[in-house]
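Subject: the model you asked about

Hi,

Here is the structure I promised to pass on. Have a look at it first, and then read my notes below.

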Amino acid sequence: TTATMHPADVVELALKTTQNDVLPVLLPPLLKEETIVLILQNGLGNEETVQRIAPHATIISGLASQGVHIDAPGSFTLHYDGRTHIAHFHPRRVLTPIAHLVADDLERAGIPTVRVEDYLLARWQKLAWNIPFNGLSTIYGLTSDLVLSQHRSLVMQILEEVDAVARAYNCIVSPDFFDDLLEQ
C-alpha cells in the first residue's frame, strides 16, 4: 500500500496498464505539488489517466525497449537490452529541462536513455512494435523473428492499421520508421 508512504519528488509508475484502475488509490498519497511522475508503461492513454488523478504533477513518458523471450513461467531470455526513451507529456510536445533531469538521473543509475521531444510519436513508435509482435508472439508461441518470417503479411496488415490509428490521433509515423523496425 502507498497509504503509509510519504509524498515523493519522483514517482515511477511501472504497473501493468491492466492495473491502472488502482491508481486513484495508490497515487495520491505519493503526490505533492511538484511531484514528477515517470510513467513506464506500454499502451495508449496512460499520461491522460495520470493527469486526471494528478493534475499538478509533471508527467514524463518513459518507454523501455528491451527484447525478451518468455521461455517458461518465471523464466525469460534477454535478447536485446535497449534504451529507455524519455519525453515530457506536454501539449507542445517539447523536451523540457525537467525531462532532461529525469534522463540524467536514469543515466547516472546506469540506464541507457534517449531523450525524445514528441512523447506521442515515441508512444506510437513503441506501439508499432508492441501491437503486432507481442500479440502474435504470444498467440503463435514464436520469437519475433519467426513471427516476421512466418506471418509477414499479417504483421504488415497490423502495421498498416497501427499507422492509420496513429494518423487519427494526429501523429505521423514516418514510413522509414516502419521499414527500419522490420529490418531490425
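Let me start with Asp104, which is partly exposed at a relative accessible area of 26%. Bear in mind throughout that this is a predicted model. The side chain of Asp104 forms a salt bridge with that of Arg115, with 2.2 Å from N to O. The two sit in distant parts of the chain, eleven residues apart: Asp104 belongs to helix H3 (residues 97-108) and Arg115 to strand S5 (residues 113-115). Arg115 is partly exposed too, since its relative accessibility is 28%.

By the rule used here, there are six salt bridges. Another one joins the side chains of Asp163 and Arg167, at 3.3 Å from N to O. Both are in helix H6, and because they are four residues apart, about one helical turn separates them.

One more pair to look at is Asp9 and Lys32, whose side chains meet in a salt bridge of 2.6 Å, N to O. Asp9 is in the segment before S1 and Lys32 is in the loop between H1 and S2, so this pair ties together parts that lie 23 residues apart in sequence. Asp9 is exposed, with a relative accessible area of 51%, while Lys32 is partly exposed at 31%.

Now for the strands. S1 (residues 10-13) pairs with S2 in the parallel sense, over four bridges. If you want a landmark there, Val11 stands opposite Val37 in S2. Strand S2 (residues 36-40) is mostly covered, with four of its five residues buried.

The largest nonpolar core holds 37 residues, and Val37, Val50, Trp124, Val155 and Leu159 are the ones with the most contacts inside it. H4 gives the largest share, at eight residues. Setting aside neighbours within four places in sequence, Val50 is in contact with Leu13, Leu23, Leu27, Val37, Ile39 and Ile59. There is also another core, apart from that one, with eight residues that include Ile36, Ile60, Ile86 and Val102.

Thr58 is in strand S3 (residues 58-72) and counts as buried, at 17% relative accessibility. What does Thr58 touch, beyond its neighbours within four places in sequence? Its contacts are Thr35, Ile36, Val37, His88 and Ile98. The C-alpha atom of Thr58 is also 9.3 Å from that of Ala99, although the two are 41 residues apart along the chain.

The other one is Thr84, in strand S4 (residues 75-88). Thr84 is buried as well, at 7% relative accessibility. Not counting residues up to four places away in sequence, Thr84 touches Leu40, Leu63, Ala64, Leu106, Ile111, Pro112, Thr113 and Val114.

Turning to the outside, Leu44, Val165 and Tyr169 make up a nonpolar patch on the surface, with about 250 Å² of accessible area together. Tyr169 is in the loop between helix H6 (152-168) and helix H7 (175-183), and is partly exposed, with a relative accessible area of 44%.

Last, there is Leu15, in the loop between S1 and helix H1 (23-26). Leu15 counts as partly exposed, at 24% relative accessibility. Leaving out residues up to four places away in sequence, Leu15 touches Val22, Leu23, Leu26 and Gln41.

Write back with any questions.

Cheers

Methods: Residues are numbered from 1 along each chain as its sequence is written. This is a predicted model: local features need pLDDT of at least 70, side-chain atom pairs count only at pLDDT 80 or more; totals for chains, interfaces and linings use all residues. Side-chain values use heavy atoms; hydrogens and water are left out. Buried means under 20% relative accessible area, exposed over 50%, partly exposed in between (1.4 Å probe, protein chains only). Two strands pair if DSSP finds at least two bridges between them. Patches are made of residues with over 30% relative accessible area and no salt bridge: like charges are joined within 9 Å, nonpolar side chains (Val, Leu, Ile, Met, Phe, Trp, Tyr) within 5 Å. Accessible areas come from the Shrake-Rupley method with a 1.4 Å probe; for residues, only the protein chains shown count as cover. A salt bridge is a side-chain nitrogen of Lys or Arg within 4 Å of a carboxyl oxygen of Asp or Glu. Contact means heavy atoms within 4.5 Å. A nonpolar core is a set of buried Ala, Val, Leu, Ile, Met, Phe, Trp, Tyr and Cys residues joined through side-chain atoms within 4.5 Å.
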